[in-house]
Amino acid sequence: MSTTLYHNANLVNEGSVTHGWLLSDGDRIARIGHGDAPADLLTRADEVTDCEGGYLLPGAIDTHVHFRDPGLTEKADMFSESRAAVAGGVTSFVDMPNTIPATVTAEALQGKLDRASEVSAANYGFFIGATNSNLDELLGADYAHTAGIKLFLGSSTGNMLVDNDTTLDTLFARAGNTLIAVHAEDEAMIRAARARLEAEYPEGIPVERHPDVRPREACIAATRHAIDLAERHGSRVHICHISTADELCIIAEAKARGVKVTAETCPQYLMFDRNDFLTLGARIKCNPAIKEASDRIALLRELRPGGVIDTIATDHAPHLPAQKEGNALTAASGMPMVQFSLPAVLDLITSDPAAEGIDIAQVARLMCHAPADLFGIDRRGYLREGYYADLVIVDHAPLSCRRISDTDTVSRCGWTPLAGRTLSWTVRRTIVNGGTGAKPLLFGTHSTD
């Protein structure tokens, strides 16, 4: 086992920022201390890293990515996207099931685990997807090695729209303590809105009308439906990529009633609003759609301690540039975000007036601590002795902001919606398991060995 000492750092952990040091031994954190590092460690450690006053955080855990592997690998794959994650300070990811074939069986899950063990640069985990006909697979899954069940109430890749009321009721009734992560958009409302707009725009719906093709009412109705199911059966529901202020109110009320509901939003909903379609076009087209400026501000404010939002994930969904061309119906939905999510969120909290009351320690809670707690991820997400040495060093340089360009992108797709934007935060270095390489994530467990 080799040891590495990280010293002269601002340790960001469990609500505080303190000057200190950390010693890793192999893949674990061996010791943590405040103030200057002991002189004997400076001479005895196999490697010494001077953080030069930079911020040392637990590696970010992104529990919502689409790495496109298998079946869509012309866009991206686990090799390329896990490296994009590490470039952005993300040491662990949880991948979604809407691939080709869809990850809706134990066999498909094992195939992804095998693939990740060969190529991933970051720690890895996967959801199993619900369909109208795979209840037995869901009930038989190994949830120590599976993050949870992904449920699409709006259409997605493959046969993954679950619109059978009996299936939904049975799923929530029998899920027990397994987390059900929901893409909450009402499919019937989307179809009706699309039909109205197709009649209004016979030559093609402009991309800036995407928020009307997938309207806020569809999000509100589906979120309410998922919460109603969870409340009725006492199950756990996690609402993914929240995009409206209305959903925040619904979830806050449900939490007050004791419903086991948690909430995720994404950097794109915190950074953009529908006015940005006029300059960025389909680069910011995603599902659910980016909504109004008032929604963006409401979401940002709920990142504060005690707010409705529990976690920030990216919904990283790369497409090739040619696939992002077209109108509100023909341009692909989704954008690559995993590489720039941590610096972008840190930049928001230091530059946007609506983010008052949110500091770097709160970002660590939303992107490191809370994902680990919510999914029961074993010994990750915190700077604690005995935990895995998943670490990221970030620097803040407000007087020398970095302008992002497409050429900075590690993702195979080769572009980013942040191109042209300046960020005052950068990721200096990411360490996965103390540099020993990626491992599979374990869920629902809190080992102490």
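Two strands count as paired if DSSP finds at least two bridges between them. Keep that in mind as you explore this predicted model.

**Stop one: the sheet.** Select strands β9 to β14. These 6 strands make an open sheet with parallel pairing, ordered β9-β10-β11-β12-β13-β14. Now colour β9 (128-129) and β14 (311-312): each is an edge strand with a single partner, so one side of each has no neighbour in the sheet. In general, strands of a sheet pair through backbone hydrogen bonds, either parallel or antiparallel.

Show residues 179-183, which are β11, together with residues 236-239, which are β12; the two run parallel and share 4 bridges. Which residue of β12 does V182 stand opposite? Look across and you will find I239.

**Stop three: the nonpolar cores.** V182 and I239 turn up again here: along with L151 and L418, they have the most contacts inside the largest nonpolar core, a group of 92 residues. Helix α14 (residues 360-375) gives this core its largest share, 7 residues.

Next, click on L418. Leaving aside residues up to four places away in sequence, L418 touches M271, F272, M337, F340, A344, I404 and L423.

**Last stop: G376.** Move to the loop between α14 and β15 (391-396), where G376 sits. Is G376 buried or exposed? Its relative accessibility is 4%, so G376 counts as buried. Finally, select F443 as well: the C-alpha atoms of G376 and F443 are 5.0 Å apart in space, while the two residues are 67 apart in sequence.

Methods:
Residues are numbered from 1 along each chain as its sequence is written. This is a predicted model: local features need pLDDT of at least 70, side-chain atom pairs count only at pLDDT 80 or more; totals for chains, interfaces and linings use all residues. Side-chain values use heavy atoms; hydrogens and water are left out. A nonpolar core is a set of buried Ala, Val, Leu, Ile, Met, Phe, Trp, Tyr and Cys residues joined through side-chain atoms within 4.5 Å. Buried means under 20% relative accessible area, exposed over 50%, partly exposed in between (1.4 Å probe, protein chains only). Contact means heavy atoms within 4.5 Å.
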